[in-house]
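Subject: Structure handover

Hello,

Here is the structure I said I would pass on. Please open it next to this email and follow the notes below.

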Amino acid sequence: MARPPETMLRKIFRPYAILVCVSMMLLASAAMVYWLHFMNGELLKTQNQLSSNIAQSVVSYFSRINDFSLDLINSKPFRETALVKLPAAYEAQAPMGEQFTQLYLAAYRMFSNGYLVGVKADSGYYIWLGHNFYISRTSPGTKDIYESRSPSGRMAVLRLPENPYLREMIESMPVSGRRAYSGDLGEVVVLARSFNLHQKLNSRQALIEVQVPMKDFDSYMREVAPAPTGMLINIYNEAWEPVYEQKPLDDPKIAIAKGRLDGYALSSKTLMDGSLQAVIFAPQTMPKGIASFISLLSLAAAVLIFVLLILAYRISSKIAKPIEAISAQLQKMDLESGMVDKIDKIETDIAEIDVLAQTIGDLRARLVASAQTIADLESYELQSQLFALQAQTQPHFLRNTLMNMEAVSEASCCFEVADMCKRLAGMLSYISVKSTEGVSLAEELSHLEDYMEIMRTRFPDIKLDVDIPFAMLSLRVPKLLIQPLVENSFKHGDRINIHVKIKGEMQEGRWRISVRDNGKGFGPERLEELKQALEKDASPLPGAQGLGLLNIRARLFLHNKERAFFSISNLTDGGACVELGG
């Protein structure tokens, strides 16, 4: 029995369907190979960047500890108290509260950073500054764990299961007093360096320890190399003794020479001028998420090809005109301007086309809603940027300390010191309070007056002329708008005879303030550099750091938007001028 003739559509569709399937499979295979090669390169690039970031984070962490230890040994009051005054008071069995207070004042940053400080004097004393403080003599037989370390004041880093000097000191105490110090025991990372009373080279009188509890250091390192990245890090000192290990190595030098271990690629970085060695482990296997994504993508592509072939076979002859009608409707949509006209309903006898038309109508409605959402989010982003630029460290400890100093100064009839403490505490309170709507100009000028009074204690001849109309005092301005500009005048001018003039004016609802000084002004190259930087920072992005001119300008534009004005120049008769307004 002869086969019935096939329709023209089926005869034409069959060879093209085979051609499309083969072509799509070849194209998909080529694209997959290229994509895998590209992803492998990107993965290696990302791992290299992560390795650099991890190493930089380690350097930054130890640099802060190193700077802290240098600040302490470079402090003459700290050296004299630790090496002379406190041991003398201890031997005389005199009260030692004043000496420990001097040490804590010099080492105040230990509280915010979570550091513990020990001083081991070659004369046999051990001083401890932790959650509690103590001084005692070490026994003659106590091993010097730093005997061959820290030559000529060079820093030495090591890991200790616990502080042996603190353990000996605690065991020498009465049982009732040990509990207060036991919290400072435990595994620590130590940065140590030698020093002496007169800071002479190659002369060691004592050794200072800055200790970080291992649990705090481990928490920081797990933030630096988070688990989802698969990256691991080991840190060794210059003698290749382990300081911190996420993957212990029997011989790190041999492992580095091999370059690979247990599915990781190993790389080493020399840090802190050779004082530290970082070994970074980068996973060589493709992340599970990418492998799963490739499998799902392949399956989806196969399903899509199958569905497209069926749909093309059944409805290709019917979809042309409805698609043209839909295309004409879509051309009315202006996505860039956000103007989307209403889409007319298109009715066909094909359910898929009806669904497509209805879906496009729904997308049009969602597009309008999304445009409004984006506008709202942009407004929220500006508020977030303003918070980020205004955010300052909450100086509760410093403010409370200043208030205590004020009370002590008043009790001692040191009224000038008390007034200075009171003003500085007021400045810290002013800085620490968040304000999304800014502050009044009167508050900003009051903050400036506190600053000037503090500066007058050292430079009594400085002058400040303020010519601000009364109507401007209630204006809302960004916090720390004027005082940093005046502070710049002190930094870059003649501090003894500095004369700053602040003048404000209002015209047609706009305000303008100028800050002028009698200093040497901006250098020509520096002035041009600043102007170019201000021009490049035309949009208020959170890239300006500190309280510099770029930061002030960015916060001014965030607060006043298109009404903001900011310029810098040199005065013809000498000095600098900064004008701003809104």
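**What was found**

The largest nonpolar core has 53 residues, and those with the most contacts inside it are Phe-62, Phe-217, Ile-233 and Ile-235. A nonpolar core here is a set of buried Ala, Val, Leu, Ile, Met, Phe, Trp, Tyr and Cys residues joined through side-chain atoms within 4.5 Å. Buried means under 20% relative accessible area, exposed means over 50%, and partly exposed is in between (1.4 Å probe, protein chains only). Helix α1 gives this core its largest share, nine residues. Another core, of 43 residues, lies apart from it, and Ile-454, Met-472, Ile-502 and Leu-534 are among its members.

This is a predicted model, in which local features need pLDDT of at least 70 and side-chain atom pairs count only at pLDDT 80 or more, while totals for chains, interfaces and linings use all residues. Residues are numbered from 1 along each chain as its sequence is written, and side-chain values use heavy atoms, with hydrogens and water left out.

**The chain as a whole**

The chain contains 17 helices and 18 strands; these are DSSP runs numbered from the N terminus, helices being H or I with at least four residues and strands E with at least two. Of the 582 residues in the chain, 37% are buried. Helix α1 covers residues 8-73 and includes Ala-28. Ala-28 is partly exposed, at 37% relative accessible area. From Ala-28 to Ala-302 is 274 residues in sequence but 9.7 Å in space, C-alpha to C-alpha.

**Strands**

Strand β13 (residues 463-467) runs parallel to strand β15 (residues 499-507), and five bridges join them. Two strands pair if DSSP finds at least two bridges between them. Asp-467 has Lys-503 in β15 as its bridge partner, and Lys-503 has Ser-514 in β16 as its bridge partner. β15 and strand β16 (residues 510-517) run antiparallel, joined by eight bridges. They form a hairpin with two residues between the strands, and Glu-508 in the turn has a positive phi of about 50°.

**Charged residues**

Side chains of opposite charge can pair when their charged atoms come close. A search of the whole structure finds 14 salt bridges, each being a side-chain nitrogen of Lys or Arg within 4 Å of a carboxyl oxygen of Asp or Glu.

- Arg-159 pairs with Glu-187, with 3.6 Å between the closest N and O atoms. Arg-159 is in strand β4 (residues 156-160) and Glu-187 in the loop between α6 (175-182) and β5 (188-195), so the pair ties together parts 28 residues apart in sequence.
- Lys-247 forms a salt bridge with Asp-262, and their closest N and O atoms are 3.4 Å apart. Lys-247 is buried, at 19% relative accessible area, whereas Asp-262 is exposed, at 58%.
- Glu-487 and Lys-491 meet in a salt bridge of 4.0 Å, N to O. They are four residues apart in helix α15 (residues 483-492), so about one helical turn separates them.
- Glu-449, Glu-453 and Arg-456 are linked in a network of salt bridges.

Glu-444 lies in helix α14 (residues 441-456).

Regards
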